[in-house]
Structure formats: C-alpha cells, structure tokens
Amino acid sequence: MTVFVATSKRFYDEAERIVERIKACDVMVYHPYFHLDPAAVDADPEYKTRVTLQHFPEIDACDVFYALLPNGYIGCSVTIELAYAYAKGKEIVVSEAPIEFAVQALVTEISGPGQFIARFE
C-alpha cells in the first residue's frame, strides 16, 4: 500500500504527524516537501511549478490519495494534485468535505486522520 498525503502549507505540522503515524504502520508515504521554505516556493513561479510537477510521479505511484483539509480548506496546489489523482483513477480520501463544491464530486471517501490511519494499523 502506498499513500500520497496532500495539504496546504498552513497545515504542515499536523500533516507531518499524520505522515509519521502512517509510516509507523510500514506503509510507503509520499507527502509535501516539508523541508522546503514555503515562502521561497511561493515567491518563485518557476520553483513552484517544479515542486508541483515533482509530485505527479509520486501520485502515479500511490494507491490512495489522502488530503488533509481542516475546515474543508483546499488550496490551489492541493486542488491540482487531487484533480490529477482523480484523473489517474486513484482512490481520493479527504479529512473533511472540501469547501469547493466542484472538488467534492471527485472525493471517494471522507475520513478524519485517526480513522484513516486506523485502516493501516
């Protein structure tokens, strides 16, 4: 089983905890590049493009795409990644229903972090 975890940079702390818990279950996890400076990425359009495109092969390799969406917030980059995963036929699981109604149509399941992680324990 391979999981791709996506979220807005504003939720990286929680996402890092989720990633570590999933990895502890011996699951392969792709995730945001926590080590990158988000301000530097956002300040440089070419850098932002490279970072976005680097996730596509990881999404190709995953079985499940999991988006951490506190209060339904989904940013532009996560929307792009989720739509790509949907187009590739991936299972799309989100922590909460996305605020954006068009994105809701792409979701397979809504599962909070604890419930999602429990499927691997």
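## Aromatic rings

Rings of Phe, Tyr and Trp (for Trp, the six-membered ring) form a pair if their centres lie within 6.5 Å; planes under 30 degrees apart count as stacked, over 60 as edge-to-face, and the rest as tilted. By this rule, ring pairs join Tyr-66, Phe-116 and Phe-120 into a cluster. The structure is a predicted model, in which local features need pLDDT of at least 70 and side-chain atom pairs count only at pLDDT 80 or more, while totals for chains, interfaces and linings use all residues. Residues are numbered from 1 along each chain as its sequence is written, and side-chain values use heavy atoms, with hydrogens and water left out.

A pair of aromatic rings is described by the distance of the centres and the angle of the planes. A search of the whole structure finds six aromatic pairs. One of them is formed by Tyr-66 and Phe-116, which are stacked at 4.0 Å centre to centre with 15 degrees between the planes. This pair links distant parts of the chain, since Tyr-66 is in strand 3 (residues 64-68) and Phe-116 is in helix 6 (residues 113-118), 50 residues apart. Helices (H or I, at least four residues) and strands (E, at least two) are DSSP runs, numbered from the N terminus. Phe-116 also pairs with Phe-120, here edge-to-face, with 5.2 Å between the centres and 80 degrees between the planes.

## Burial of the cluster

Which class of accessibility does Tyr-66 fall into? Buried means under 20% relative accessible area, exposed means over 50%, and partly exposed is in between (1.4 Å probe, protein chains only). Tyr-66 counts as buried because its relative accessibility is 0%. Phe-116 is buried as well, at 0% relative accessibility. Phe-120 has a relative accessible area of 14%, so it is buried.

Phe-120 is located in the segment after helix 6. Contact means heavy atoms within 4.5 Å. Leaving aside neighbours within four places in sequence, Phe-120 is in contact with Met-1, Val-3, Ile-22, Cys-25 and Val-27. Between Phe-120 and Asp-26, the C-alpha to C-alpha distance is 8.4 Å, although 94 residues separate them in sequence.

## Helix 3 and helix 4

Two packed helices are described by the angle between their axes and the distance between the axes. Axes are lines fitted to C-alpha atoms, for helices over the stretch in contact, and angles run from 0 to 180 degrees between N-to-C directions. Helix 3 (residues 45-61) packs with helix 4 (residues 76-87) at an angle of about 30 degrees, and their axes are 10 Å apart. Helix 3 is therefore roughly parallel to helix 4. Angles under 35 degrees count as roughly parallel, over 145 as roughly antiparallel, 65 to 115 as roughly perpendicular and the rest as oblique.

The crossing of helix 3 with helix 4 is right-handed. A crossing is right-handed if the near helix is turned clockwise from the far one by less than a right angle, and left-handed if anticlockwise. On the helix 3 side, Lys-48, Thr-52, His-55, Phe-56, Ile-59 and Asp-60 take part; they meet Ser-77, Ile-80, Glu-81, Tyr-84 and Ala-85 in helix 4. By class, this contact has five nonpolar, three polar and three charged residues. Here Ala, Val, Leu, Ile, Met, Phe, Trp, Tyr, Cys and Pro count as nonpolar, Asp, Glu, Lys and Arg as charged, and the others, Gly among them, as polar.

## Buried residues in a loop

Ser-8 is placed in the loop between strand 1 (2-7) and helix 1 (12-23). Its relative accessible area is 12%, so Ser-8 is buried. Not counting residues up to four places away in sequence, Ser-8 touches Tyr-73 and Val-78.

Phe-11 also lies in the loop between strand 1 and helix 1. At 17% relative accessibility, Phe-11 is buried. With residues up to four places away in sequence not counted, Phe-11 touches Leu-68, Pro-70 and Tyr-73.

## Loop residues with positive phi

Most residues other than glycine have a negative phi, and most peptide bonds are trans. Asp-26 is not a glycine, yet its phi is positive, near 60 degrees. Asp-26 is in the loop between helix 1 and strand 2 (28-30), and with a relative accessible area of 75% it is exposed.

Asn-71 has a positive phi of about 55 degrees and is not a glycine either. The loop between strand 3 and helix 4 holds Asn-71, which is exposed at a relative accessible area of 66%.
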